[in-house]
Amino acid sequence: MKKIFISLAFSLGLLLTGCAKTTAINPANSVPIENYQPTENYNLTLCCMKLGKADGMVIQTENHTVVIDCGEKSDGSKMRRCLTALGVETIDYMILTHYDQDHIGGASKVIKYFDVAHVLAPDYEHNNSNEFQKLSETMQEKNLDFEFITEDTAILLDDAEFDIYPCQANSYKEGDDNNYSLITKLYHHDNIFLFTADAMYERLQEIMNIGDCTFLKEPYHGRELANLSNFLDAVTPEYAVISTSEEYLADSTLEELEKRNIQTYITYQDGNMQFLSDGTTLQVTTGIEYPKLNSDSDDEELENSADSLN
């Protein structure tokens, strides 16, 4: 696999008409990583948010913070509470897996309240939803660019390596934006985390040989997928998290996980949860409550007013 190292500083470029700036990652200015061989050992934490049928995750290494998706627009406050409780001031990388509203809706609020160094996103044509337009406007205000992931890309932060895989096809038969999802594989010593966003059948086929993982963020909110059985056999997770509401969770998905004795957590049942990795083991805490912030109600009122005008 060709990997490209992204440092915390590189030039930003092109202007997307009517939206935020965009730039593709430039391999010529990057340093290849041949093997993941960390010389240090720190703890790593992963927070999986209870956001209904939406994705929002926060990962902290020793010195850096990565956010993967931000849920619906109404979830921006929840993401902010989590980040504030964790003491986050700067987000080094925000990875937006694709442009569906249940993945980018809360991103605008997160960017509004936190310093974000890089916003990584897939490069495909999509419907310019209200959520995307709001995100673009906020990014312009913060002088941020979309940085398109167009090749397999690696980011090394402390003792953790994030490998990000863009889609392989130019178009898909099904799934609207879902099959364009960026896939992220995170190495933390012996623990390997795999985040599959809303990958459907065709996208799972593309990553069937991605290798084993310790932790799996279940694809497509736990809905039924014809090749899920083959995929689980290929990646052999010990733990799985399903970010979903009860009505979207397929019985067949639970049966496949139970059949393989995969320890499974579901956000609508287990609430906000944290996985603590020491590089060898995982410690899981469920039912975490993040305190509300004073400005939450004001923000929600403004958002509702904006909705009524659209």
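Hi everyone! Let's start with the second largest pocket, which has a volume of about 200 Å³. A pocket here is an open set of points on a 1 Å grid over the protein atoms alone, where a 1.4 Å probe fits, with protein on both sides within 12 Å along at least five of seven lines. The volume is the space filled by probe spheres set on the points, which are joined across faces, edges and corners.

Please keep in mind that this is a predicted model: local features need pLDDT of at least 70, side-chain atom pairs count only at pLDDT 80 or more, and totals for chains, interfaces and linings use all residues. Residues are numbered from 1 along each chain as its sequence is written, and side-chain values use heavy atoms, leaving out hydrogens and water.

Which residues line the second largest pocket? Among them are Met49, Lys50, Lys78, Arg81, Asn272, Glu289 and Tyr290; lining residues have an atom within 4 Å of a point. Helix H1 (76–85) and strand S16 (282–288) each give at least two residues to this lining. Helices (H or I, at least four residues) and strands (E, at least two) are DSSP runs, numbered from the N terminus. In total, the chain has nine helices and 16 strands.

Now, burial. Of the chain's 310 residues, 56% are buried, meaning under 20% relative accessible area with a 1.4 Å probe, protein chains only. Cys48 counts as buried because its relative accessibility is 1%.

And disulfides? The whole structure has zero, taking a disulfide as a pair of cysteine sulfur atoms within 2.5 Å. For Cys48, the nearest cysteine sulfur belongs to Cys47, 7.7 Å away.

Notes:
Buried < 20%, exposed > 50% of the residue type's maximum accessible area, 1.4 Å probe, protein only.
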